[in-house]
Amino acid sequence: PSSVFGKNAPSNKIQIGQIGCGRIARGHDLPGTMQYDMARVIAVSDVDSKRMKEGKELVEGYYAKKDIDLEVKMYADYKDMLANPEIDAVIISTPDHWHAQMCIDAAAAGKHIYVEKAMTREEEETHRMYEAVKNSDIVFQLGHQQRQTESHIKAREVIQAGILGPITLVETTTNRNDPWGA
């Protein structure tokens with residue numbers, strides 16, 4: 001959309017900075033973002049220099065396969081990335097305890113935001129993020145993919161229908177028998 005494109009975006013593409021280059025970014029955000037022609041990842045940031053280099057190589061490798069010569073910029077400090085006027089939007093895929101402050105800083109810098117779940121850890125952080133986004137002209141999106149699956153929809157229907165009666169305790173577990181663990 002025209003409200004997202006930056007003034008200097010080449011070929012009218014959304015220029016994206018990836019904050020956090022770990023498992024979530026490598027497996028979900030970066031490849032998913034780059035497959036669309038309307039956006040281009042042009043920068044990566046991570047406090048772990050090895051992960052940041054891997055993120056840069058992943059992005060540049062993707063573009064090389066499409067015969068696009070792109071030098072991805074690296075930022076050890078995400079605030080330096082936010083200061084780059086070429087970047088229109090950021091994807092935040094860091095550990096949860098960084099989400100609130102990074103979103104607040106990105107909104108203050110005028111960057112559109114996609115942040116992975118969990119959005120915040122504490123209610124107070126949620127209020128501060130809400131105010132930062134509300135008082136800006138940015139687009140904000142929270143990644144909450146699995147909430148639309150059939151099992152979640154059915155569970156909500158069962159609760160709303162009162163089938164379970166009064167609910168006084170909720171216990172949850174997760175079982176990720178995969179190489180990355182829970």
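So, His-99: buried or exposed? It's buried, with a relative accessible area of 0%. This is a predicted model, by the way, so keep that in mind as I go. His-99 is found in helix 4, which covers residues 96-108. Its side chain reaches the backbone oxygen of Thr-94 at 2.7 Å. If you leave out residues up to four places away in sequence, His-99 touches Ile-92, Thr-94, Val-115, Glu-116, Lys-117, Ala-118, Met-119 and Met-129. Take Met-119 from that list: His-99 and Met-119 are 20 residues apart in sequence, yet C-alpha to C-alpha the pair is 6.2 Å apart in space.

Let me zoom out for the overall layout. The protein has 6 helices and 6 strands, and from the N terminus on the elements run β-α-β-α-β-α-β-α-β-α-β-α. Buried residues make up 37% of the 182 residues. If you take contacts between residues at least 6 apart in sequence, 66% of them join residues at least 24 apart.

What order do the 6 strands take? It's an open sheet, 3-2-1-4-5-6, with parallel pairing. The edges are strand 3, residues 73-75, and strand 6, residues 140-143, each pairing on one side only. From one strand to the next, the twist averages 25°. Helix 2, residues 49-65, packs on the sheet and touches strand 2 and strand 3, and its direction makes about 160° with that of strand 2. Helix 4 packs on the sheet as well, touching strand 1, strand 4, strand 5 and strand 6, and its direction makes about 170° with that of strand 5.

A bit of detail on the pairings, if you want to follow along on screen. Strand 1 and strand 2 pair in the parallel sense over 6 bridges, and Ile-14 stands opposite Ala-39 in strand 2. Strand 2 is joined to strand 3 by 3 bridges, again parallel, with Ala-43 standing opposite Lys-73. At the other end, strand 5 and strand 6 pair over 4 bridges, parallel too, and there Val-115 stands opposite Leu-142 in strand 6. Val-115, remember, is also one of the residues that His-99 touches.

Why call strand 2 largely enclosed by the rest of the structure? Because 7 of its 7 residues are buried.

In soluble globular proteins, nonpolar side chains tend to be buried together. Here the largest nonpolar core has 36 residues, and the ones touching the most other members are Ile-19, Met-81, Val-90, Ile-92 and Ile-113. The elements giving two or more residues to this core are strand 1, strand 2, helix 2, helix 3, strand 4, helix 4, strand 5 and helix 5. Which element gives the largest share? That's helix 4, with 6 residues. As for Ile-113, its contacts beyond four places in sequence are Val-90, Ile-92, Cys-103, Ala-106, Ala-107, Ile-138, Val-139, Phe-140 and Gln-141.

One more residue: Asn-84, in the loop between helix 3 and strand 4. Asn-84 is buried, with a relative accessible area of 7%. Where does its side chain make polar contacts? One is with the side chain of Tyr-75, at 3.0 Å, and another reaches the backbone nitrogen of Glu-86 at 2.7 Å. Further along the sequence than four places, Asn-84 touches Lys-73, Tyr-75 and Lys-111.

Last thing, confidence. The protein averages a pLDDT of 84, and 81% of the residues score at least 70. Where pLDDT is low, the predicted coordinates should not be read in detail. Okay, over to you for questions.

Key: Residues are numbered from 1 along each chain as its sequence is written. This is a predicted model: local features need pLDDT of at least 70, side-chain atom pairs count only at pLDDT 80 or more; totals for chains, interfaces and linings use all residues. Side-chain values use heavy atoms; hydrogens and water are left out. Buried means under 20% relative accessible area, exposed over 50%, partly exposed in between (1.4 Å probe, protein chains only). Contact means heavy atoms within 4.5 Å. A polar contact is a pair of N or O atoms within 3.5 Å; within protein, one must be able to donate a hydrogen and the other to accept it, and residues adjacent in sequence count only if both atoms are side-chain atoms. pLDDT is the predictor's confidence in each residue, from 0 to 100. Two strands pair if DSSP finds at least two bridges between them. Axes are lines fitted to C-alpha atoms, for helices over the stretch in contact, and angles run from 0 to 180 degrees between N-to-C directions. A nonpolar core is a set of buried Ala, Val, Leu, Ile, Met, Phe, Trp, Tyr and Cys residues joined through side-chain atoms within 4.5 Å.
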